[in-house]
Amino acid sequence: GKNKKTGKKGQKRKLLILYEKEWFDIKAPATFQVTPNRENYWDKIWARKQVQDSLRGRCVWVSLGDLKNNADESAFRKFRLRIEDVHGQNCLTAFYGMTLSTDKLRSLVRRWQTLIEAHADVKTQDGYTLRIFCIGFTKRRVNQTRKTSYAQSSQVRQIRKK
């Protein structure tokens, strides 16, 4: 016959929450008009170190619409802010990167045209190094009858070189 199984296999354990979360306000750099209403947390149970050491270096994504007064026009730009310092309940951040939202990128790409991407490393006067990515597309001419408006590979290389 069959072996009778004893006990309940896969019984769910009840989790005891033994830690509490401490919430901090995120302050955007001074170049932006508005400070976002974002909060970051820190779990007390895991930390055997200082709060400042745990939060410092974390990155937060914030849309430009949250950082400006007119939210509708520029909500597709996402800024990455890195927590540099913690003063009391405030996390002071610095610019760490920017990208477009995926739905905006998808809306830019169309059929029957060439997509050209390039990047360049630029050094500022402050000593920071920025890697800038550019995206471009070919465009139909005014009296064009051809369905496609592709660029030749030599033209693409020439554009990337500039």
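**Salt bridges and pockets**

Reader: At what relative accessibility does D85 count as partly exposed?
Author: This is a predicted model, where local features need pLDDT of at least 70, side-chain atom pairs count only at pLDDT 80 or more, and totals for chains, interfaces and linings use all residues. Residues are numbered from 1 along each chain as its sequence is written, and side-chain values use heavy atoms, leaving out hydrogens and water. Buried means under 20% relative accessible area, exposed over 50% and partly exposed in between, with a 1.4 Å probe and protein chains only. D85 lands in that middle class, at 27%.

Reader: Which residue forms a salt bridge with D85?
Author: A salt bridge needs a side-chain nitrogen of Lys or Arg within 4 Å of a carboxyl oxygen of Asp or Glu. D85's partner brings its closest N to 3.6 Å from the O. At 39% relative accessibility the partner counts as partly exposed, and its name is R56.

Reader: How many residues apart in sequence are the parts that R56 and D85 tie together?
Author: Helices (H or I, at least four residues) and strands (E, at least two) are DSSP runs, numbered from the N terminus. R56 sits in the loop between α1 (51-55) and β3 (59-63), while D85 is in strand β4 (residues 77-87), so the pair links parts separated by 29 residues.

Reader: Which residue meets D121 in a salt bridge?
Author: The structure holds 3 salt bridges, and another of them joins E84 and R82 at 4.0 Å, N to O. D121 lies in strand β6 (residues 115-123) and its partner in β7 (residues 129-137), so these two tie together parts 10 residues apart. The N to O distance is 2.7 Å. With 51% relative accessibility, the partner counts as exposed; meet R131.

Reader: Which strand gives the most to the lining of the largest pocket?
Author: On a 1 Å grid over the protein atoms alone, a pocket is an open set of points where a 1.4 Å probe fits, with protein on both sides within 12 Å along at least five of seven lines, and lining residues have an atom within 4 Å of a point. The largest pocket has 15 lining residues, with M98, T99, R131, I132 and F133 nearest its centre. β5, β6 and β7 each supply at least two residues. The top giver, with 7 residues, is β7.

Reader: Which strand supplies the largest share of the lining of the second largest pocket?
Author: Among the residues lining this pocket are E84, F95, Y128 and L130. β5 and β7 each supply at least two. The largest share, 3 residues, comes from β5.
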